[in-house]
Amino acid sequence: MRIGLFALALTLSAPDGGAPSATLRVKVHGLHNATGQVGCLVFATGDDFPTKPDKAVAKALVPITKSGVAFEAVCEFPQLAPGTYAVSVMHDENGNGKMDFNFLHMPKEGYGASRDHLPMMSPPSFDDCKLPVGAGLTEIDVHMKYP
């Protein structure tokens, strides 16, 4: 009976019956202010990265904090499968839960991506932003860019 309960406890504590679990922590730096919130999206493939939030494997909207004179945010994604991911970040200043664009389809709010890869005239590619996320904790820093 004790062995059965121990096995059940192990199964319940692992995300899929004992497979290793990864946690991705995204530290967002360079926010202009504490207005609104920060949104982070995690993508496992290049399909629609970073422009289609519904294709993300994980999402978070988090508050902005003040650390000294800097504004920062942290998005944390526990229980990801170890693998390769790319992250996109936005400063949702108006709190509508999405990135706003102007008539030329350029961002009107702050944005960022993993590996800080931000081309001038196009969205970043998955290949330029991808990073390995292994079992345990992986921390990355993303620095915001504003229009």
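**A walk through the predicted chain**

R115 is exposed, with a relative accessible area of 54%. On this scale, buried means under 20% relative accessible area, exposed means over 50%, and partly exposed is in between, computed with a 1.4 Å probe on protein chains only. The structure is a predicted model, in which local features need pLDDT of at least 70 and side-chain atom pairs count only at pLDDT 80 or more, while totals for chains, interfaces and linings use all residues. Residues are numbered from 1 along each chain as its sequence is written, and side-chain values use heavy atoms, with hydrogens and water left out.

R115 sits in the loop between strand 7 and helix 2 (126-129). Its phi is positive, about 65°, although R115 is not a glycine. D116 is in the loop between strand 7 and helix 2 as well, and its phi is also positive, near 50°, in a residue other than glycine. D116 counts as partly exposed because its relative accessibility is 33%. As background, most residues other than glycine have a negative phi, and most peptide bonds are trans.

The peptide bond between F49 and P50 is cis, with omega about -10°.

Now the whole chain. It has two helices and nine strands, where helices (H or I, at least four residues) and strands (E, at least two) are DSSP runs numbered from the N terminus. Read from the N terminus, the order of elements is α-β-β-β-β-β-β-β-α-β-β. Of its 147 residues, 37% count as buried. Among contacts in the chain with a separation of 6 or more, 69% are between residues 24 or more positions apart; a contact means heavy atoms within 4.5 Å.

Strand 2 (residues 37-43) pairs with two other strands. With strand 3 it runs antiparallel, joined by five bridges, and with strand 6 it pairs in the antiparallel sense over seven bridges. Two strands pair if DSSP finds at least two bridges between them. V38 shows both sides of this arrangement: its bridge partner in strand 3 is V62, and in strand 6 V38 stands opposite H91. The next residue, G39, stands opposite L61 in strand 3.

How many of the residues of strand 2 are buried? Seven of its seven are, so the strand is mostly covered by the definition of burial used here. Q37, G39, L41 and F43 point one way and V38, C40 and V42 the other, and all are buried.

The largest pocket holds about 720 Å³ of space. The elements giving two or more residues to its lining are strand 2, strand 3, strand 6 (83-92) and strand 7 (111-113). A pocket is found on a 1 Å grid over the protein atoms alone: an open set of points where a 1.4 Å probe fits, with protein on both sides within 12 Å along at least five of seven lines, and lining residues have an atom within 4 Å of a point. Grid points are joined across faces, edges and corners, and the volume is the space filled by probe spheres set on the points. The lining has 30 residues, of which P50, T51, S88, M99 and F101 lie nearest the centre of the pocket. By class, 20 of the lining residues are nonpolar, seven polar and three charged. Ala, Val, Leu, Ile, Met, Phe, Trp, Tyr, Cys and Pro count as nonpolar, Asp, Glu, Lys and Arg as charged, and the others, Gly among them, as polar.

The last stop is R25, in strand 1 (residues 22-31). R25 counts as partly exposed because its relative accessibility is 22%. Leaving out residues up to four places away in sequence, R25 touches V74, C75, E76, L137, T138, E139 and I140. With C75, the separation is 50 residues in sequence and 5.9 Å in space, C-alpha to C-alpha. With E139, R25 makes a polar contact between side chains at 2.5 Å. A polar contact is a pair of N or O atoms within 3.5 Å; within protein, one must be able to donate a hydrogen and the other to accept it, and residues adjacent in sequence count only if both atoms are side-chain atoms.

T138, another of the residues that R25 touches, is in strand 9 (residues 136-143). T138 counts as buried because its relative accessibility is 16%. Apart from residues up to four places away in sequence, T138 touches T23, L24, R25, L131, P132 and V133.
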